Amino acid sequence: LPLLKVDRIGTYVYDTAIQIRIGLDTLEQKRFIFDDIYSWHQGLNWIPHETAWYVLIGGAYKLLGLAGVILLTAILIYAMAIIIYRHLASRCNTLVIFLSMAIGIYFSFPDMNARPHLVSQLLMVIFGYSMLDKEKNPWKKVLCFSVCTFLMTWFHGGMIPIFFVMYMVYLIIELIYREFSVVKVYSIGLFFGFVASLLNPTGINVWTYGLIQTKATDLWNIISGWQPATFSIFGMTLILLILIGFGVDERLHNFDKDTVIRLCFICMFLIASCKYVRFMTYFALFVFMFGAEEIEVLIKWLSKNVLKLQEKEVKISNFSYGLISCLALVGLVYMFISKISFFPTNSLDDCAAIMAYDMNVVDVVKEKGYSNVFNSFNTGTFFAFYNIPVHIDNRSDLYMSEYSGEDHTRGEMYIEDIDSMNRFVNRYNDVGAFIIEFNPRNPAANQLVNDISESDRFSIVYD
């Protein structure tokens, strides 16, 4: 539950912190912020492809504090779950739906971090089920695609190319089935969708943003979210069983359209996850959306052909539903009471405490008036939230030469030794201070502390 995942709420000090800050500043200044004002570097080319998300999350924080961000996260996650459950309720046994939900959770859905992917995933759920609605007019599907594209380009513009690939899957499958009248409408829909994708503050940059981003392979090799996903034997077994579910009856053999579409999307995001692990949460979402029907088919096939069991419908009685609901509510209240102590201030300070960030560092930097401060990749958004101009932050793109012409990331994301400190000072004028995280169990960190203590150029101001 998003309300209770304290460890995930703690990670708000990463991406979420600066998104909240941008939203708060947007509301205070009553204008969209298109130029970077959070780094002390000049001439950065920032592409704010999540403008509406900044306003939404900033507004939630301004209205209700940290509780507003948690509540916003919960609403978006529960909206997806409700839509998926309502879609599957008439197609699958409830127990199978719960099983597919559990498999989705195992594969990391939902990612309970407060980030714009929650909006793009919700739009994908709405769009995906709309396109599978056989009773819906193709023009209404095009309208749904265009509206979802417009919303996504404001909330999570970086996903626009992936969203259009999803649309192309539907178009190509209709072409394979020789549904030329539908193909004609969908082709026109491509134009409307493309126009909708340009109706955003960054224009065509929502398309070029991701293409430029993928070129920096040397940087992505050291950032965990851009590594290939790895699977345990148990995880690979689950994936294999779902895929087997597609093939144990005649639907795939008969080239059933809906079955082919569902299989395409599960495979599409599985392949994407094998390239970048950050797509795992999307793969898990589509397992939840489309995997339940295949799991039920597989269970029925195993029961009939392997276990030789007589098919009987299994239902949960209303009494059992009520009992389960009561237990869930009691557990929710108990866990809520036990977790509420983690949030005494209802602010980002609580997230800093969960992640063991030292708030005194913020006070020291402000009291001494340090400028041009070095900070690591991990702490930039945290300091930016507290209005300290940063060297870099989790919006890594604008600090790359691919975007801004000058690079501030390669070799400057972390301080490893005193030589890297000297290089940093030699490159940038008037460096005020270094904020460095130390792991006392790391011999190299202890050596750095000793080198700083013995240095004529540096001194430890706060430890």
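Biologist: Are Phe-269 and Tyr-282 buried or exposed?

Modeller: This is a predicted model, in which local features need pLDDT of at least 70, side-chain atom pairs count only at pLDDT 80 or more, and totals for chains, interfaces and linings use all residues. Residues are numbered from 1 along each chain as its sequence is written, and side-chain values use heavy atoms, leaving out hydrogens and water. Under 20% relative accessible area is buried, over 50% exposed and in between partly exposed (1.4 Å probe, protein chains only). By this scale both Phe-269 and Tyr-282 are buried.

Biologist: How many aromatic pairs does the count come to?

Modeller: Rings of Phe, Tyr and Trp (its six-membered ring) pair if their centres lie within 6.5 Å; planes under 30 degrees apart are stacked, over 60 edge-to-face and the rest tilted. By this rule the number of aromatic pairs is 42.

Biologist: What kind of aromatic pair do Phe-164 and Trp-207 form?

Modeller: Their centres are 4.8 Å apart. The planes stand at 70 degrees, and the pair is edge-to-face.

Biologist: How many residues apart in sequence are the parts that Phe-164 and Trp-207 tie together?

Modeller: Helices are DSSP runs (H or I, at least four residues), as strands are (E, at least two), numbered from the N terminus. Phe-164 lies in helix H8 (residues 160–176) and Trp-207 in helix H10 (residues 205–213), so the separation of the parts is 43 residues.

Biologist: Why is the pair of Phe-269 and Tyr-282 given its class?

Modeller: The ring centres are 6.0 Å apart. Because the planes are at 15 degrees, the pair is stacked.

Biologist: Which helices hold Phe-269 and Tyr-282?

Modeller: The parts that this pair ties together are 13 residues apart in sequence. Phe-269 lies in residues 257–275 and Tyr-282 in residues 280–305, which are helices H14 and H15.

Biologist: Which ring does the charged end of Lys-257 sit over?

Modeller: A charge sits over a ring if NZ of Lys or CZ of Arg is within 6 Å of the ring centre and within 35 degrees of the ring normal. The charged end of Lys-257 is 5.3 Å from the centre of the ring of Tyr-177.

Biologist: What is the relative accessible area of Ser-376?

Modeller: Ser-376 is in the loop between helix H18 (360–368) and helix H19 (380–385). Contact means heavy atoms within 4.5 Å, and Ser-376 touches residues including Ile-392, Met-413 and Glu-437. Ser-376 is buried, with a relative accessible area of 1%.

Note on methods: Lists of a residue's contacts leave out its neighbours within four places in sequence.
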